[in-house]
Every structure is written in C-alpha cells, then in structure tokens.
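Please read the following explanation alongside the sequence and the three-dimensional structure.

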Amino acid sequence: MEMVNVNATWEMPRRGAVKINVHGFFSEIQLANGNRSGIGVVVRNSRGTILRMLSGSLGINERGNNELYAYLEGLKRAYAEDYPAVILETDHVQSYWEWKNSTIEGGIPEHAYVLKQLNNRRRDKNFALDVRLTDHEDNELAAYLAEYGASRWNQMVVIKRSFGRVYELWSKDMGLGPVGPQFRAVNEEEMAVEVMEDGVINPPANMFVMVEQNDEEFMQNENAAFGDGFMVQIQED
C-alpha cells in the first residue's frame with residue numbers, strides 16, 4: 001500500500017502539467033442551508049499559480065460517492081480548460097483505493113456510475129493523468145473550498161480570484177512566509193481613500209477589497225455573481 005508522508009509539503013507539478021487538488025467534504029448532520037456535502041477543487045500550474053478554483057455542493061448524501069465526484073469535478077475542469085497533462089491529488093485514502101482497484105475488483109454498486117466515468121478518463125490516450133494520494137496538510141486549500149462551498153451553495157461555483165483564507169493557505173503551500181493582514185499588499189485603486197475636511201487623507205477601516213467592481217467583462221456575464229468579496233461564476237453543466 002502506498003504511504004502518505006505526513007512531513008511532506010505541497011509540490012509543484014512538472015512544467016507543462018497542472019496539479020488539481022480535490023476534496024469532498026461530508027457532514028453527518030445537515031448544515032443550516034440543507035447541505036450535507038461539498039466539493040473543493042483547486043488547479044495550479046508549474047509555478048504554483050492558482051488557475052481556477054471550484055467550490056460548492058452537488059447535493060450528494062453519501063460520503064464515498066461525494067469523494068469520487070470530487071475527482072470527477074476536477075477532471076471536468078481539466079477537460080474544460082484543455083489541460084493535456086494533469087496530476088490529480090487527493091487526501092481521501094478509501095476512495096483513492098476504490099477507484100484504483102475498481103477495474104479489477106469492481107466497486108461499491110452505488111458508486112458504479114461515477115467509477116465508470118473516472119475510468120473512461122483514465123483510458124483516454126490523449127490525456128495524461130497521474131492520480132496521487134497526499135496528506136491532508138497538503139490538501140488544506142481544496143478541503144477549505146469544499147467546506148466553504150457546502151455551507152454556501154447548492155451547486156458548483158467557479159472562483160476566479162483568491163480571497164482571505166484561500167490566500168493564506170496558498171501562501172503556506174508556497175512557503176511564502178507570514179500571511180497576516182499587515183503582510184498583504186493591495187492595489188492602489190482598492191484603497192478608496194477618503195479625504196477629510198482638513199485635507200488629511202484617511203484610509204478606510206476595511207482596506208482589503210478583493211473585487212474590482214469595474215470589471216466590465218465580468219459584469220456583462222449574466223451568469224456571474226459576487227459573494228464574500230471575491231468574484232465567482234456559476235458553473236454550467
């Protein structure tokens with residue numbers, strides 16, 4: 001059996017490939033919004049730059065099935081963005097081995113459909129797929145997006161820009177040091193300074209504005225929505 005190195009750190013993919021970290025969140029009790037599950041996906045290139053994130057819920061009420069669908073959502077994003085070489089990384093040990101052994105031993109009957117879809121992707125000769133098991137510590141960003149999405153949405157949402165906790169976890173993965181507010185730079189136009197009557201410029205208390213409200217391309221997209229200080233777009237099937 002493959003071992004997970006608990007002392008490992010997140011590693012960038014090779015040049016020309018992307019790494020997609022996925023996680024399926026599951027709660028034994030129903031959340032306030034009625035969800036019990038969530039899925040988080042984060043796509044990064046060989047420099048560690050976040051290309052896309054997905055967060056939300058498919059309304060799946062069985063833990064193993066939800067974890068397998070997390071893989072599928074990650075692969076759907078790879079195909080949608082036309083990434084030819086993908087490292088798919090998860091911290092779900094049981095579902096990892098269920099998928100890996102499914103072509104020999106089969107799988108849980110309730111998981112048959114999603115396993116078939118996953119194995120179809122593995123047989124695609126034009127798609128280089130490497131599925132890996134990692135430690136939870138190195139998958140925290142995907143795990144956060146899964147829980148975040150479960151608590152907020154009843155469908156999958158594409159997130160195009162990093163925000164608070166996402167930036168902190170990305171910085172941790174990249175080994176970029178402190179992530180407190182005093183270390184976070186903002187764009188000049190995001191300061192929205194206020195000029196007081198005596199001529200002294202007084203910056204607002206909340207200076208960490210994450211969304212550019214004048215993003216015309218985004219504002220013209222009728223499927224887009226704003227939430228919690230970052231730009232999101234509802235994913236269409």
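In this predicted model, Glu 168 is partly exposed, because its relative accessible area is 29%, a value that falls between the limits of under 20% for buried and over 50% for exposed. Glu 168 belongs to helix α5, which covers residues 164-174. Along the chain, Glu 168 and Leu 141 are 27 residues apart, and their C-alpha atoms are separated by 9.1 Å.

When neighbours within four places in sequence are set aside, the contacts of Asn 66 are Gly 24, Phe 25, Ser 37, Gly 38, Ile 39 and Ile 60.

The account now turns to strand β1. This strand is mostly covered, with nine of its nine residues buried. On one side stand Val 18, Ile 20, Val 22, Gly 24 and Phe 26, and on the other Lys 19, Asn 21, His 23 and Phe 25; both faces are covered, and all of these residues are buried. Strand β1 has two pairings to consider here. With β2, the pairing is antiparallel and extends over eight bridges; within it, Phe 26 has Ser 37 of β2 as its bridge partner. With β4, β1 runs parallel, and five bridges join the two strands. Opposite Val 22 stands Thr 90 of β4.

In soluble globular proteins, nonpolar side chains tend to be buried together. In this model, the largest nonpolar core has 29 residues, and Ile 20, Tyr 71, Leu 88, Trp 99 and Leu 118 are those with the most contacts inside it. At least two residues of this core are supplied by each of β1 (18-26), β2 (37-44), α1, β4 (85-90), α2 (93-105), α3 (112-122), β5 (128-133) and β6 (156-159). Helix α1 gives the largest share of this core, seven residues. Apart from this core lies another, of twelve residues, including Met 53, Trp 153, Phe 163 and Val 166.

Which residues does Leu 88 contact, leaving aside its neighbours within four places in sequence? Leu 88 is in contact with Ile 20, Val 22, Tyr 71, Leu 75 and Trp 99, and also with Leu 129, Asp 130, Val 131 and Arg 132. Among these contacts, Ile 20, Tyr 71 and Trp 99 are, like Leu 88 itself, listed with the most contacts inside the largest nonpolar core.

Technical notes: Residues are numbered from 1 along each chain as its sequence is written. This is a predicted model: local features need pLDDT of at least 70, side-chain atom pairs count only at pLDDT 80 or more; totals for chains, interfaces and linings use all residues. Side-chain values use heavy atoms; hydrogens and water are left out. Contact means heavy atoms within 4.5 Å. A nonpolar core is a set of buried Ala, Val, Leu, Ile, Met, Phe, Trp, Tyr and Cys residues joined through side-chain atoms within 4.5 Å. Buried means under 20% relative accessible area, exposed over 50%, partly exposed in between (1.4 Å probe, protein chains only). Helices (H or I, at least four residues) and strands (E, at least two) are DSSP runs, numbered from the N terminus. Two strands pair if DSSP finds at least two bridges between them.
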